[in-house]
Amino acid sequence: MKTQLWAIGLVVIAGLIGGLGPVYLKKASSIINLKKLSTIYKNWFLIIGVLIYGVGTLLFIPALKGGELSVLYPFIGLVYVWVSVYSVILLKERMNLLKWLGVISIIIGVAFIGFGA
């Protein structure tokens with residue numbers, strides 16, 4: 001089965017959306033107090049983070065019909081790229097050169113898989 005371009009695009013979009021999930025979970029972690037359960041189930045950052053993860057997963061499922069898992073799944077690795085970018089922009093975290101080199105190597109690795117498909 002040849003992997004369709006729309007399936008790759010859908011996986012990339014799923015990763016782009018799903019990458020926001022950890023950002024919201026990070027924001028949620030500062031509010032959670034395990035001794036007080038209401039900080040968990042009333043935590044909007046936690047709820048939104050879980051929902052975003054779910055949307056990303058739901059987008060990934062139909063993409064599986066359009067191609068090989070061995071080609072599509074490595075594109076999920078782009079989530080690490082999106083999380084890094086979102087962390088810098090939304091959480092004001094700092095990335096050093098070594099971290100950016102890691103991000104670049106992920107992009108190169110995913111590109112090799114894409115070209116091989």
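## Core, helix packing and aromatic pairs

In this predicted model, the largest nonpolar core has 13 residues, and Val11, Ala63, Leu72, Phe75 and Leu78 touch the most other members. At least two residues of this core come from each of H1, H4, helix H5 (69-72), helix H6 (78-90) and helix H7 (97-116). H1 gives the most, with four residues. As background, nonpolar side chains tend to be buried together in soluble globular proteins.

When its neighbours within four places in sequence are set aside, leucine 72 is in contact with Thr3, Ala7, Ile8, Val11, Phe60, Ala63, Leu64 and Gly67.

**Packing of H1 and H4**

How do the axes of H1 and H4 cross? Helix H1 (residues 5-18) and helix H4 (residues 44-63) have axes that come within 8 Å and cross at roughly 170°. Angles over 145 degrees count as roughly antiparallel, and H1 and H4 are therefore roughly antiparallel to each other. On the H1 side, the contact is made by Trp6, Ala7, Leu10, Val11, Ile13, Ala14, Ile17 and Gly18. On the H4 side, Ile52, Tyr53, Val55, Gly56, Leu59, Phe60, Pro62 and Ala63 take part. Sorted by class, this contact of H1 with H4 has 14 nonpolar residues, two polar residues and no charged residues.

**Aromatic pairs**

How many aromatic pairs does a search of the whole structure find? The search finds two, and they are set out below.

| Pair | Centre to centre | Angle between planes | Class |
|---|---|---|---|
| Tyrosine 24 and phenylalanine 45 | 6.2 Å | 40° | tilted |
| Phenylalanine 60 and tyrosine 73 | 5.9 Å | 70° | edge-to-face |

Tyrosine 24 has a relative accessible area of 25% and is partly exposed. Phenylalanine 45, at 30% relative accessibility, also counts as partly exposed.

The pair of phenylalanine 60 and tyrosine 73 is edge-to-face. It too links distant parts of the chain: phenylalanine 60 lies in helix H4 and tyrosine 73 in the loop between H5 and H6, 13 residues apart. Is phenylalanine 60 buried or exposed? Its relative accessibility is 12%, so phenylalanine 60 counts as buried, the cut-off being under 20%.

Note on methods:
Residues are numbered from 1 along each chain as its sequence is written. This is a predicted model: local features need pLDDT of at least 70, side-chain atom pairs count only at pLDDT 80 or more; totals for chains, interfaces and linings use all residues. Side-chain values use heavy atoms; hydrogens and water are left out. Axes are lines fitted to C-alpha atoms, for helices over the stretch in contact, and angles run from 0 to 180 degrees between N-to-C directions. Angles under 35 degrees count as roughly parallel, over 145 as roughly antiparallel, 65 to 115 as roughly perpendicular and the rest as oblique. Contact means heavy atoms within 4.5 Å. Ala, Val, Leu, Ile, Met, Phe, Trp, Tyr, Cys and Pro count as nonpolar, Asp, Glu, Lys and Arg as charged, and the others, Gly among them, as polar. A nonpolar core is a set of buried Ala, Val, Leu, Ile, Met, Phe, Trp, Tyr and Cys residues joined through side-chain atoms within 4.5 Å. Buried means under 20% relative accessible area, exposed over 50%, partly exposed in between (1.4 Å probe, protein chains only). Rings of Phe, Tyr and Trp (its six-membered ring) pair if their centres lie within 6.5 Å; planes under 30 degrees apart count as stacked, over 60 as edge-to-face and the rest as tilted.
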